[in-house]
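Trainee: I have a two-chain model open. Please take one part and go through it closely, then show me how it sits in the rest.

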Amino acid sequence: MGILSLITFLPLLGALIILVLPREQVKAVRAVGVLATLASLAASLYALSQFHPGDAAAGQLPMQFLEKFSWIPSFDVNYFMGVDGLSLPIILLTTLLCFLAAVYSASIEERVKEFYFWFLILEVGMLGVFCALDLFLFYVFWELTLVPMYFLIGVWGGPKKEFAAIKFFLFTLFGSVFMLLGILALYFQSNPHTFDMLELMKASAGFSREFQIIVFIGFWLGLAVKVPAFPFHTWLPLAHVEAPTPVSVILAGVLLKMGVYGLLRISYSILPLGYEWFLPGLIVIAVINIVYGAFCAMAQDDMKKMVAYSSVNHMGYCLLGMAAVSDAGFNGAALQMVNHGLITGALFFLVGVIYDRAHTRDINAFGGLGAKLPVYAGLMAMTCFASLGLPGLCGFISEFLCFLGAFPAWKLWTTVSVIGILVTAAFFLRMMQKVFLGPLNEKWKDLPDMSARELVAVSPLAVLMLLFGIWPRLVLDLMNPTLKVMTGMFPTMFQLVRP
Amino acid sequence: MLEHVYLIPILPFVTAFLIVFLGKEGPHSKMPYLGLGVMFWCLLQASCILAQAVSGAATLPYYKTMSWFSFGDFEMTLGVLIDGPAAFVLFVVTLVSFLVQLYSLGYMHGDPRFKRYYAYLSLFTSAMLGLVVSSNLLSLFACWELVGLASYLLIGFWFEKPGPAYASKKAFMTTKLGDCGLYVGLLLLFASQGTFDLQMLQYRVSQDMMPLEVATGVGLGFLFAAMGKSAQIPLFIWLPDAMEGPTPVSALIHAATMVVAGIYLVARTIFIFNAAPLAMGAVAWTGLLTAFFAATMAVTAYDIKRVLAFSTISQLGYMMLGLGVGGYSAALFHLTTHAFFKALLFLGAGSVIHAVHSNDMRDMGELRHKMPVTTITVGIATAAIAGVPFLSGWYSKEAILHAVYAHDPLMWFIAILTAGLTAFYMSRLFWLTFFGKAGDHHKWDHAHESPATMTVPLGILAFLSLLSGIVLDKTGVFARLVNLEGLLRAPGEALGAVAEHAAEHAGEAAEAVGAAAAHAGAHAGHHPPEFLLPGAALFVAFAGILGAWKLYASGDYSLAKSLRERFAPVAETLERRYYFDDFFLWMVDLSDMLARAFFWIDANIIDAVFVDGWAALSRAIASVHNWVDSRIVDGAVDGVGLITQDAGRGLRRLVRGQTQDYLLYAAVSVAVLAVIITTR
């Protein structure tokens, strides 16, 4: 068994163990849940230590740890896994966030066994999506994430949990149906028929422009919902507000990345003509995500909803970087995926911390907590500053690279997007002012500061934010060779955005 | 020393974290001594570097970089570039920071967050020092933003009070608005030039490789950023409120670490402005208007720190004006002297506030009997800023006025008028505080001179305010090290030649620069009416001082009051700061409204279209479904009725029906697609 299968299926092993444990053994269930995610994290760190970023001069994606077994021979469906510099950092992000979320989930008291079961299944699905190199396998994992997420929101969520869960489920299903059509179209169009992504990348030169555009639209509908790109983003604020804290963290930290990852791995690499055709649309959607998402976030009084809309804004930066088809843009987008996962993951944890204590997330309900909860206030301030792109923390470099990449091709649109940065700063500062500054609201004078469990969940993210902010090459060096190969894949195309 | 210059920003940065994480928070924490010690080291190192530069032991510019990160084939570098101006500003920043930290030992002792205050101070200074030494505009921008963060933390240091909490946000947001200009400028610069390295950029500009429109765009963007950080019109609004922070922090902000950043940015990239006349003109006019309007606003203010804030804005306007009219050396000279006397003024004001526990000058008066050291030192600073001959301010302001006159006599006229106003409002502050009559006898009775940790820094700064001008001017040190011709000559050497070759030519270059400076001096001397200029400056300075003396020194304020009443509308406008604040508040309201409007659209239109759109879609599918049913099954009417009811019963019912419909839909589509593909 290869390392990638190990990373992906260790959580499944945990889930199966939990299944046979008695329901009353809450502590054992928790321990197994945390250990399974920890094992997966350890395996992914091992993979990192063995990973070679590769050399762009070779002109080939540095795919590694390949595993290929025939699965359904009659349709040439293979169990085909492998990672390169684009997927490995996101896999690490996934295993890390899942581990931290599993630790944080110790606060869940209700139906613990089922919670951890679904949680681990969700992790399997997400890891599979990033490892799969066979479109059929990719789709299976993609859909595998849906069901656990549906239950995690629908059972352990807030007051409107059923509605949020079904809306999330249907919205995503709506998208993935079109993606399935796209996958089938690619299968039937290729000769010999194949689901192999790497083969399809090679075969794409033979696909006509019209075909690529139609299939691209199918994939776009599937992936845009996940990103979420305007106008398919309205499920996100609702799902986030209703989801329990650890699930929000996974939703924002990992699930949204599936959309961006798919766009780079499939839409761009297999359907370059479709991608090229869509570029003018992509830049407009990116700018709408950035500016409109930021303004919508500013209108929120619910902290969680505000963070949710800020995700719409931040994923807009990814789209902006992708609309550039340049080294800076792609590196920015890929780095932004990791950084957004760290930052927004931490933000959702921190919002959860205050909600667990105060049972409200209304920013007007607090005031002056800074003096009362110094550790919490410090971590929250740091995370907010990271999110608004303060240099020295990780959000800055990735945002800046996205802008830097997009600017030569889209001067006006990129300049308009700068408004988004300003508005982001405005709403985070307003939130900090209302919650932490000013006179202490006497109602909260007995709030305790962060517990050890909460610190274990948040501080690794805070350390990484600072580390990647000061020394971004820790991540960029992993990604750069792969992305350089990708931007060089179609030298004759994308004249629109190439100087 | 020079080869380890990177330590100067890095040590305080690390110290900031050490102070946060080590030791126990408390009003008597010992950790502040760590911050002070590190800053003393930085001061020593910066002094050595300056001494080496002055003596010629070190060859400037010193330039060294390392790789930071890379994307594609591009290597982003991180490095230091020390030229004459950088050496001077390093010294000024470390000196003022050190004195402020020393002074704060007394001023902030006993504050429950004493330790954290020093962590923030270290961070603040470190960010500014990083900005000064950066060889690269991206790392400069990073430090620029960190300066903004540290100012946010320090202005809002007493965040339990609503005033500081509001002021810190205002400062951050206003400067962030300006930063957008820098951001876009950087993007434009990189798209056109493909580098952020200052030496490389300078080389490219000197080779005419930067198109005019790029230079203009970049210049205007950078100017906008400088308007934010250096509090120029119209983005000055944050600075008068920034006094909500502890007073030593104000000294730091006003003299060394924050507002200087904007001037320094323009000076550091002056070669871009030189290539863009429009941007250069904008710099000059921004500076001139700021200098004048800020001076008028200072005339009516009664809050001692607010007067000083307006005076800083006005003096920064002078520096900007100097840069804009080509007085590069003069502007940086003024930056240096201003740092000394403005730090002194703020620390002196802090000493007074510490004594009377009020910011309002109407509560002060006659304090000269109680606080002799403060009175004398603040008096020296006031004379220096007012332009009394042979004090530091006189030389630097005179240099700027000369450059302005050579550029445009009309601008000179406004500038000299401003100089008169400066002398007036600054001496007004001095007379009202230390002379006049005691406004509040209870407070006066309790007033006392401050402890030595506070008065020693005052003495050092007073010494510098007295002598820095004459020494730097008469020895010609400043003109030799900070000099536009020298700057523009540099990049060829640094980039084109190998190190030893450069060293060989250094002597030659210095000679050439000296010759050029001498030539410039000689040239200036031939300009006929210029011997009148010092006379005019002298006249307005004394007119201002005496005018204020007449109105405020005697303790009889009736004349001032009657003047205020006669010009009530003017005074009102000045007190409302020309309504700039109101304009920005209106903008904030507008963006809030915009945010609400967008969210309304999101909740009521976008979401509705997609959710209801689905509903309509599924209804359509359902009715087709039903139509088929009705052909086969009886009871068609009932079915339609049921579906209509379903649709009306809300989303939850509705979407439950959808799942099956989707599967149907998917199956149909797959079939259609399969047919299309197989029949091709």
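**A close look at a helix pair in chain B**

Mentor: Among contacts in chain B between residues at least 6 apart in sequence, 81% join residues at least 24 apart. Keep in mind that this is a predicted model. Chain B has 29 helices and two strands. Of its 680 residues, 53% count as buried.

Now the part itself. Take helix α10 (residues 247–257) and helix α15 (residues 328–356), both of chain B. Their axes come within 8 Å and cross at roughly 165°. Angles over 145 degrees count as roughly antiparallel. Therefore α10(B) and α15(B) are roughly antiparallel to each other. The crossing of α10(B) past α15(B) is right-handed.

Look at who meets whom. On the α10(B) side the residues are B:Thr247, B:Pro248, B:Ser250, B:Ala251, B:His254, B:Ala255 and B:Ala256. On the α15(B) side they are B:Ala339, B:Lys342, B:Ala343, B:Phe346, B:Leu347, B:Ala349, B:Gly350 and B:Ile353. By class, this contact has 10 nonpolar, four polar and one charged residues.

Is B:Leu345 buried or exposed? The cut-off for buried is 20 or more other C-beta atoms within 10 Å. B:Leu345 has 33 C-beta neighbours inside 10 Å, so B:Leu345 counts as buried. Leaving out residues up to four places away in sequence, B:Leu345 touches B:Leu308, B:Val378 and B:Ala381. B:Ser122 is another matter: 223 residues separate it from B:Leu345 along the chain, and their C-alpha atoms are 22 Å apart.

Next, another helix of chain B. Helix α4 (residues 114–133) has 20 residues and should span 28 Å at 1.5 Å a residue. Its end C-alpha atoms are 29 Å apart, which agrees. Of the 20 residues of α4(B), 20 are buried, so this helix is largely enclosed by the rest of the structure.

Then the loops of chain B. Most residues other than glycine have a negative phi, and most peptide bonds are trans. B:Asp208 is not a glycine, yet has a positive phi of about 60°. It lies in the loop between α7 (198–206) and α8 of chain B. B:Asp208 is exposed, with 9 other C-beta atoms within 10 Å. B:Tyr578 also has a positive phi, near 55°. Its loop runs between α26 (568–575) and α27 (580–632) of chain B. B:Tyr578 is partly exposed, with 16 other C-beta atoms within 10 Å. The peptide bond between B:Ile233 and B:Pro234 is cis, with omega about 5°. B:Pro234 is in the loop between α8 (212–229) and α9 (238–241) of chain B.

Chain A has a cis bond to check as well. It runs from A:Phe230 to A:Pro231, with omega near 0°. A:Pro231 is in the loop between α9 (209–226) and α10 (235–242) of chain A.

Finish with the two chains together. In all, 50 residues of chain A are in contact with 44 residues of chain B. Elements giving two or more residues to the chain A side include α7 (161–189), α12 (272–298) and α18 (411–436) of chain A. The largest share, 10 residues, comes from α7(A). By class, the chain A side has 37 nonpolar, 10 polar and three charged residues.

Conventions: Residues are numbered from 1 along each chain as its sequence is written. Chains are lettered from A and ligands numbered from 1 in the order in which they are written. This is a predicted model: local features need pLDDT of at least 70, side-chain atom pairs count only at pLDDT 80 or more; totals for chains, interfaces and linings use all residues. Two residues are in contact if their C-beta atoms, placed from the backbone, lie within 7 Å. Helices (H or I, at least four residues) and strands (E, at least two) are DSSP runs, numbered from the N terminus. Ala, Val, Leu, Ile, Met, Phe, Trp, Tyr, Cys and Pro count as nonpolar, Asp, Glu, Lys and Arg as charged, and the others, Gly among them, as polar. Axes are lines fitted to C-alpha atoms, for helices over the stretch in contact, and angles run from 0 to 180 degrees between N-to-C directions. Angles under 35 degrees count as roughly parallel, over 145 as roughly antiparallel, 65 to 115 as roughly perpendicular and the rest as oblique. A crossing is left-handed if the near helix is turned anticlockwise from the far one by less than a right angle, and right-handed if clockwise. A residue is buried if 20 or more other C-beta atoms lie within 10 Å of its own, exposed if 12 or fewer, and partly exposed in between; C-beta atoms are placed from the backbone. The expected span of a helix is 1.5 Å times one less than its number of residues.
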